[in-house]
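Please examine the sequence and the structure below with care. The questions that come after them are meant for a reader who is new to structural analysis.

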Amino acid sequence: MIKFNDRSSLKQYMSKKPIKRGCKIWMRCDESGYACQFDIYTGKTAESIEKGLGERVVSSLYRTLFEKNHRVYFDNFFTSYGLLSFLKAQNVFACGTVMMNRRNLPKNLLEDKILKQGEFHWAVSEENVVCMKWKEKRTVSVLSCQENPTSAASVNRTEKNGEKRKVICPQAIVDYKKIWDLLIISFI
């Protein structure tokens, strides 16, 4: 969101964001944070709420990467089972956080209260899209169609008393966190 207070038909209002009024811009950035492509959101296309907006935005911004074996990461606004299976068919490896109440996600994954810190469980679809839950302090849910998203890595966590300890974490979440941290640092 780019802050903008004048009159414009492109101006949007989002009550839960730090910048509440302005122009909403979708961007595809590389791993160093440079903008490769962008699209300005112009509002609803019809009288009703547009369904599949996240899928439409991602597929239009990543169209030039199809069949080139790229890795893409996005947040839970864009992540859906349909989008990841489409990107997998286009030879684009994607990963993103997901809300577990979305359509076509497995209901048989363990409840958040049963998982202990460092544990993760996953389910694989027919299109090789993996849905996984990992417990840190809270549960993190991820949808991924990368090569081997369920391989494990260890990450360092600092306890309240200052001690560092290693916690097991799925490789897809480790990769997602690295890219996300790079993007956040580059925009500060």
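The following questions and answers concern this predicted model.

Q: How many helices and strands are there in the protein chain?
A: The protein chain has 188 residues, of which 37% count as buried. Its secondary structure consists of three helices and 12 strands.

Q: What share of the contacts between residues at least 6 apart in sequence joins residues at least 24 apart?
A: A contact here means heavy atoms within 4.5 Å. Among contacts in the protein chain between residues at least 6 apart in sequence, the share that joins residues at least 24 apart is 38%.

Q: Are the helices α1 and α2 roughly parallel or roughly antiparallel to each other?
A: Two packed helices are described by the angle between their axes and the distance between the axes. The axes of α1 (residues 53-61) and α2 (residues 81-89) come within 9 Å and cross at roughly 20°. Angles under 35 degrees count as roughly parallel, whereas angles over 145 count as roughly antiparallel. The helices α1 and α2 are therefore roughly parallel.

Q: Is the crossing of α1 and α2 left-handed or right-handed?
A: The crossing in question is that of two axes at roughly 20°. Its hand is right-handed.

Q: Which residues of α2 meet α1, and how many residues of each class take part?
A: From α1, the residues E55, V58 and S59 take part, and they meet G82, L83, F86 and L87 in α2. By class, this contact has four nonpolar, two polar and one charged residues.

Q: Which elements cover the buried residues of α1?
A: The buried residues of α1 are L53, G54, V57, V58, S59 and L61. Their cover includes β4 (25-29), β5 (35-40), β6 and α2.

Q: Against which elements do the buried residues of α2 pack?
A: In α2, the residues Y81, L83, L84, S85 and L87 are buried. They pack against α1, β6 (71-74), β7 (93-97) and β10 (139-144).

Q: Is F78 buried or exposed?
A: F78 is placed in the loop between β6 and α2. Leaving aside its neighbours within four places in sequence, F78 is in contact with W26, G54, V57, V58 and L83. A residue counts as buried under 20% relative accessible area. Because its relative accessible area is 15%, F78 is buried.

Q: How far apart in space are F78 and L53, C-alpha to C-alpha?
A: In sequence, F78 and L53 are 25 residues apart. In space, their C-alpha to C-alpha separation is 8.0 Å.

Q: Does C145 count as buried or exposed?
A: C145 lies in the loop between β10 and β11 (152-158). Apart from its neighbours within four places in sequence, C145 is in contact with L84, K88, V92, F93, A94, N128 and V129. Because its relative accessibility is 0%, C145 counts as buried.

Q: Where does E67 lie?
A: Most residues other than glycine have a negative phi. E67 has a positive phi of about 65° although it is not a glycine. The place of E67 is the loop between α1 and β6.

Q: What is the relative accessible area of N128?
A: N128 is not a glycine, yet its phi is positive, at about 65°. This residue lies in the loop between β8 (120-124) and β9 (130-135). N128 is partly exposed, with a relative accessible area of 45%.

Q: Is E31 buried or exposed?
A: E31 lies in the loop between β4 and β5. The C-alpha atoms of E31 and K178, 147 residues apart along the chain, are separated by 9.4 Å. A residue counts as exposed over 50% relative accessible area. Because its relative accessible area is 56%, E31 is exposed.

Notes
Residues numbered from 1 in each chain as written. Predicted model: local features only at pLDDT ≥ 70, side-chain atom pairs only at ≥ 80, totals over all residues. Heavy atoms only, no water. Axes fitted to C-alpha atoms, helices over the stretch in contact; angles between N-to-C directions. Helix = DSSP H or I, 4+ residues; strand = E, 2+ residues; numbered from the N terminus. Parallel < 35°, antiparallel > 145°, perpendicular 65-115°, else oblique. Left-handed = near helix turned anticlockwise from the far one by under 90°. Nonpolar A, V, L, I, M, F, W, Y, C, P; charged D, E, K, R; others polar. Buried < 20%, exposed > 50% of the residue type's maximum accessible area, 1.4 Å probe, protein only.
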